[in-house]
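Let's take a friendly walk through a protein model, one feature at a time. Keep the picture open as you read.

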Amino acid sequence: MSAVSFTTSATNVFGLGSYATMLQKVDSVSTSSLPVPPPKPLLIATPGEAEAGEFAVLIFLHGYLLYNSFYSQLIQHVASHGFIVIAPQLYTVAGADATEEIKSTAAITNWLSKGILQSLLPPNVKPNLTKLALSGHSRGGKVAFALALEKAMTTLKFSALIGVDPVDGMDKGKQTPPPVLTYVPNSFNLDGMAVMVIGSGLGEVKRNPLFPPCAPKGVNHEDFFKECRKPACYFVAKDFGHLDMLDDETKGIRGRSSYCLCKNGKAREPMRKFVGGVIVAFLKSYLYGDNTDLNGLRFGHETSPVELQTVEFLV
């Protein structure tokens with residue numbers, strides 16, 4: 001079985017990749033075909049039945065009170081470029097404390113180490129757990145950082161960390177437990193792990209006076225990046241909001257509320273393509289050593305589908 005390889009010429013990471021993908025739901029209940037189920041229900045995006053290879057694995061954590069299914073288009077975008085993406089449903093109802101989400105993500109990671117994932121994948125699609133990345137959106141971004149900072153222990157080692165518009169509470173001094181931000185520059189001790197922070201320019205803007213902003217200043221992407229050490233990179237999409245990387249259509253009460261709680265951009269597709277593409281570029285760089293696409297963004301050689309108000313690298 002051959003490992004995935006990438007060409008050294010720039011590819012369009014913002015469009016769909018060359019791999020056909022499949023999306024599958026996995027329940028957290030024991031069955032005859034899955035005697036050791038995952039600790040939480042999973043949504044898995046993977047290269048499809050006709051594909052073959054050994055693929056890096058990305059765990060993607062949903063935002064507060066959102067469903068993992070709201071990210072179906074985003075995680076399939078990443079999978080189409082040759083990655084296996086695992087998106088757990090960490091809860092359906094949750095309070096302010098994220099401790100249980102951190103523990104659940106650690107338990108899912110430890111479940112992966114048992115080798116059970118292969119039974120859920122197409123026969124010629126093999127997970128490479130030596131190339132494991134962790135990511136999350138909003139509160140899921142906070143949870144990802146917390147786990148990477150060893151607020152719970154895992155048997156597998158993460159090689160890369162991505163915060164998609166991460167949020168650590170309502171305001172500085174009003175962080176949700178356990179707090180992640182310390183407000184000490186470059187204080188995140190991640191043992192050399194590569195980090196990317198993606199921010200939304202409109203996340204800190206109120207949609208209306210009745211609701212707080214969805215990614216308030218003092219606990220948002222800017223603060224997370226300030227505490228990162230090299231290697232790290234930081235992108236902020238200017239005219240897009242905190243939920244603009246979700247699917248074009250999100251159903252149900254929570255799905256409908258995603259259109260009205262946060263200040264949004266004009267459409268979701270550009271931001272979703274950007275987030276998916278920059279995740280692919282980052283993973284190619286730090287998991288496979290192919291810097292072409294990430295450097296293209298860094299030096300302005302690659303055209304982003306959104307206008308970027310911030311591009312910053314710590315190298």
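## A helix on the inside

Which strands and which helix do the buried residues of H1 pack against? They pack against strand E1 (21-26), strand E2 (42-47), strand E3 (53-61), strand E4 (83-88) and helix H6. The buried ones are Ser72, Leu74, Ile75, His77, Val78 and Ala79.

What you see is a predicted model. Its mean pLDDT is 95, and 97% of the residues reach 70 or more. Residues 5-10 are another matter: pLDDT stays under 50 there, and the model has 11 contacts beyond four places in sequence for this stretch. Where pLDDT is low, the predicted coordinates should not be read in detail.

How many disulfides does the model have? The count is 1 disulfide. It is formed by cysteine 214 and cysteine 262, whose sulfur atoms are 1.9 Å apart. The link between cysteine 214 and cysteine 262 is left-handed, with -95° about the S-S bond. Cysteine 214 sits in the loop between strand E7 (194-200) and helix H4 (221-226), while cysteine 262 sits in the loop between helix H5 (252-257) and helix H6 (269-288), so the bond ties together parts that are 48 residues apart in sequence. Are these two cysteines buried or exposed? Cysteine 214 is partly exposed, at 21% relative accessible area, whereas cysteine 262 is buried, at 4%.

Now look at cysteine 228 and cysteine 233. The closest cysteine sulfur to that of cysteine 228 belongs to cysteine 233, at 9.2 Å, which is too far for a bond. To count as a disulfide, two cysteine sulfur atoms must be within 2.5 Å. Cysteine 233 is in no disulfide. Cysteine 228 is buried, with a relative accessible area of 0%, and cysteine 233 is buried too, at 1%.

## A nonpolar patch on the surface

Which residues form a nonpolar patch on the surface? They are Leu210, Phe211 and Leu261, and together they have about 300 Å² of accessible area. Leucine 261 belongs to the loop between H5 and H6 and is partly exposed, with 35% relative accessibility.

The C-alpha atoms of leucine 210 and asparagine 291 are separated by 44 Å, and the two residues are 81 apart along the chain. Asparagine 291 lies in the loop between H6 and helix H7 (292-298), where it is partly exposed, at 37%.

What does histidine 221 contact, leaving aside its neighbours within four places in sequence? The answer is Asp165, Pro166, Val197, Ile198, Gly199, Ser200, Tyr234 and Val236. This histidine 221 is placed in helix H4 and counts as buried, with 5% relative accessibility.

Glycine 203 is found in the loop between E7 and H4 and is buried as well, at 2%. Not counting residues up to four places away in sequence, glycine 203 touches Pro213, Cys214, Ala215, Pro216, Phe240, Gly241 and His242. Phenylalanine 158 is 45 residues from glycine 203 in sequence, and the two are 28 Å apart in space, C-alpha to C-alpha.

## Backbone details

Where are the cis peptide bonds? One runs from proline 177 to proline 178, with omega near -15°; proline 178 is in the loop between strand E6 (160-164) and E7. Another joins lysine 230 and proline 231, with omega about 0°; proline 231 is in the loop between H4 and strand E8 (232-237).

Two residues have a positive phi although neither is a glycine. For leucine 65 the value is about 60°; this leucine 65 lies in the loop between E3 and H1 and is partly exposed, at 28%. For asparagine 186 phi is about 55°; asparagine 186 lies in the loop between E6 and E7 and is partly exposed, at 40%.

Conventions
Residues are numbered from 1 along each chain as its sequence is written. This is a predicted model: local features need pLDDT of at least 70, side-chain atom pairs count only at pLDDT 80 or more; totals for chains, interfaces and linings use all residues. Side-chain values use heavy atoms; hydrogens and water are left out. Helices (H or I, at least four residues) and strands (E, at least two) are DSSP runs, numbered from the N terminus. Buried means under 20% relative accessible area, exposed over 50%, partly exposed in between (1.4 Å probe, protein chains only). Patches are made of residues with over 30% relative accessible area and no salt bridge: like charges are joined within 9 Å, nonpolar side chains (Val, Leu, Ile, Met, Phe, Trp, Tyr) within 5 Å. Accessible areas come from the Shrake-Rupley method with a 1.4 Å probe; for residues, only the protein chains shown count as cover. A salt bridge is a side-chain nitrogen of Lys or Arg within 4 Å of a carboxyl oxygen of Asp or Glu. Contact means heavy atoms within 4.5 Å. pLDDT is the predictor's confidence in each residue, from 0 to 100.
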